[in-house]
Amino acid sequence: MNRDNLLTRSAFWRATAWGMGKVGLTGRSLVIAIPMLWLLVFFLAPFFVLGRISLAEAIIARPPYTPLFERGPDGTLEILASLENYRFLFEDALYRNAYISSIRVALISTIFALLIGYPIAYYIARAPEPRRSILLLMVILPFWTSFLLRVYAWMGFLRSNGVINNTLISLGLIDSPIQMMQTDFAVYIGIVYTYLPFMILPLYANLTKLDGALLEAASDLGASPMVTFFTVTLPLSLPGIVAGSMLVFIPAIGEYVIPALLGGPDTLMIGRVLWDEFFSSRDWPVASAVAIVMLFLVVAPIMWLQSVQNRREEQ
Amino acid sequence: MRGWFLPTAVVFGFVFLYAPIVSLVVFSFNESRLVTVWGGFSTRWYGELLRDRQILGSAWVSLQVAFASATLSVVIGTLGAFVLTRFSKFTGRLLLTGMITAPLVMPEVITGLSLLLLFVSMELTLGWPAGRGLTTIIIAHTTFCAAFVAVIAQTRLRSMDESLEEAARDLGASPVRVFFDITLPVIAPALVAGWLLAFTLSLDDLVIASFVSGPGASTLPMVIFSKIRLGVSPDVNALATLIIGFVFVAVLIAGWLMQRGLRKGL
């Protein structure tokens with residue numbers, strides 16, 4: 001490229017920049033506008049549509065809900081909106097039970113994930129290289145394979161003529177198969193299995209930072225390994241425990257696939273109720289109302305907790 | 001935590017992680033249709049898998065969606081992360097911070113339903129997008145994957161040495177040139193990691209795609225889900241084995257490349 005060309009080129013760019021600056025369009029505002037507009041349209045706007053449809057009524061038409069405005073017989077514009085769907089949600093025990101049961105399932109699964117994940121994270125953090133990297137890789141590896149297929153693997157394991165029952169019967173430990181599929185137990189296993197890496201990784205990150213001198217000091221002062229663990233290691237790893245538990249609890253509470261495949265018909269979870277309302281009952285307004293209630297009762301508290309946690313970390 | 005307890009717990013943990021995967025692979029070579037009863041070695045289900053037009057077609061749909069949404073989400077996520085780490089004050093900063101991280105904690109059923117309702121009302125009022133299919137799935141996946149890319153990019157942008165950018169500016173480079181010549185090459189490895197994560201998340205998603213897809217655009221997870229909902233089926237075992245094999249080989253190669261890089265002193 002010769003010098004003239006370069007000069008005209010930069011002059012062109014400068015003129016463009018000057019022109020855009022005149023109408024209030026700077027490169028800076030353009031850069032801000034791209035992610036901002038995308039998220040406003042495809043992330044924030046959908047919630048307003050959700051809120052508006054939750055006030056409508058289901059009808060058999062395309063789309064299957066009543067419009068917000070309607071021309072009255074005298075030509076005036078009427079607003080059709082009612083809180084009927086919300087009244088229905090609060091009066092029908094099904095939705096309350098689903099909400100409580102979601103919290104229970106997510107909480108129990110998180111505790112199991114912590115009990116299984118903590119020893120693994122602790123062991124990996126203490127292991128010498130290269131064993132440490134290999135074990136860490138082995139923890140992450142299943143995460144890169146399909147989530148759906150990992151849940152499917154447990155279907156083959158837990159079925160009444162599945163691997164576990166067949167093994168137990170051939171060993172003569174049981175006479176008839178144990179019912180494991182379609183129980184809450186299967187749902188706990190599915191959630192723990194799927195989200196275990198999310199528990200182990202933050203715990204591992206926290207435990208590797210643990211100062212070995214503190215452990216030495218404790219044992220020099222006569223503490224048994226057990227006492228050292230409960231008075232030094234465990235309290236210091238609390239941030240890792242909190243981070244890992246959040247990463248398991250949050251996706252577990254709105255889970256649809258795991259209760260649908262491993263749970264029984266009576267395993268109620270709020271995500272599953274929403275799905276069935278939409279796909280089976282084809283009631284879009286009630287499904288929207290369930291989503292709005294979930295936003296306030298599930299997502300809002302989690303976001304609040306996270307902001308508290310972030311502020312504490314900054315201090 | 002010394003003595004027998006810790007090793008036992010770790011062995012139990014890894015058996016828990018790998019036993020289902022191993023059994024999945026073993027029974028993919030089973031002659032019998034009953035997935036968990038051994039009927040002799042056979043590769044019959046692999047043959048059936050390769051003749052299954054529905055699975056092959058949906059795998060192609062999934063790959064297209066994953067490629068497009070991973071690429072788009074890297075662009076949007078990186079821009080978002082750049083804006084939030086480099087511009088200290090602008091209107092809507094708080095809003096953008098919230099919007100870019102919120103998809104991380106949003107239950108998939110809510111994201112899926114709300115986007116579907118948006119697409120339906122946009123079609124009614126604006127006429128776009130006409131119907132639902134590839135485009136709507138790509139938009140939906142881009143939105144939730146961008147959040148993950150933004151988190152990775154933000155971490156890298158915060159930790160990089162900002163004096164490099166300052167030096168370039170002092171030497172007279174325009175902001176655009178600083179971004180493309182300095183910032184982008186420095187954060188490139190993080191963006192590659194973000195792209196790979198976005199690609200995997202998109203390939204893996206069932207819930208959001210089920211809401212926003214239309215007739216004729218079924219992704220691979222949607223087809224697998226409708227198959228296994230009715231019970232176990234051996235050709236899904238064969239498919240799972242192929243995916244697991246692919247992932248293991250890819251990870252081994254990546255690990256080997258990294259080791260070689262380390263030995264060269266990179």
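These notebook entries record what I looked up in a predicted model.

**Conventions.** I number residues from 1 along each chain as its sequence is written, and I letter chains from A in the order in which they are written. Local features need pLDDT of at least 70, side-chain atom pairs count only at pLDDT 80 or more, and totals for chains, interfaces and linings use all residues.

**Entry 1: a helix pair in chain B.** I looked up helix H3 (residues 53-86) and helix H4 (residues 93-101) of chain B, whose axes come within 11 Å and cross at roughly 140 degrees. Helices here are DSSP runs (H or I, at least four residues), and axes are lines fitted to C-alpha atoms over the stretch in contact, with angles from 0 to 180 degrees between N-to-C directions. I noted that Gly80(B), Val83(B) and Leu84(B) of H3(B) meet Leu96(B), Thr97(B) and Ile100(B) of H4(B); contact requires C-beta atoms, placed from the backbone, within 7 Å. By class, this contact of H3(B) with H4(B) holds four nonpolar, two polar and no charged residues. Nonpolar covers Ala, Val, Leu, Ile, Met, Phe, Trp, Tyr, Cys and Pro, charged covers Asp, Glu, Lys and Arg, and the others, Gly among them, are polar.

**Entry 2: Leu210(A).** I found Leu210(A) in the loop between helix H8 (184-208) and helix H9 (212-220) of chain A. Not counting residues up to four places away in sequence, Leu210(A) touches Thr233(A) and Leu236(A). The C-alpha atoms of Leu210(A) and Thr233(A) are separated by 7.6 Å, although the two stand 23 residues apart along the chain.

**Entry 3: domains of chain A.** I recorded domain 1 (27-71) and domain 2 (92-314), with bounds from an automatic or database domain assignment. Their C-alpha centres lie 33 Å apart.

Methods. Helix = DSSP H or I, 4+ residues; strand = E, 2+ residues; numbered from the N terminus. Contact = placed C-beta atoms within 7 Å.
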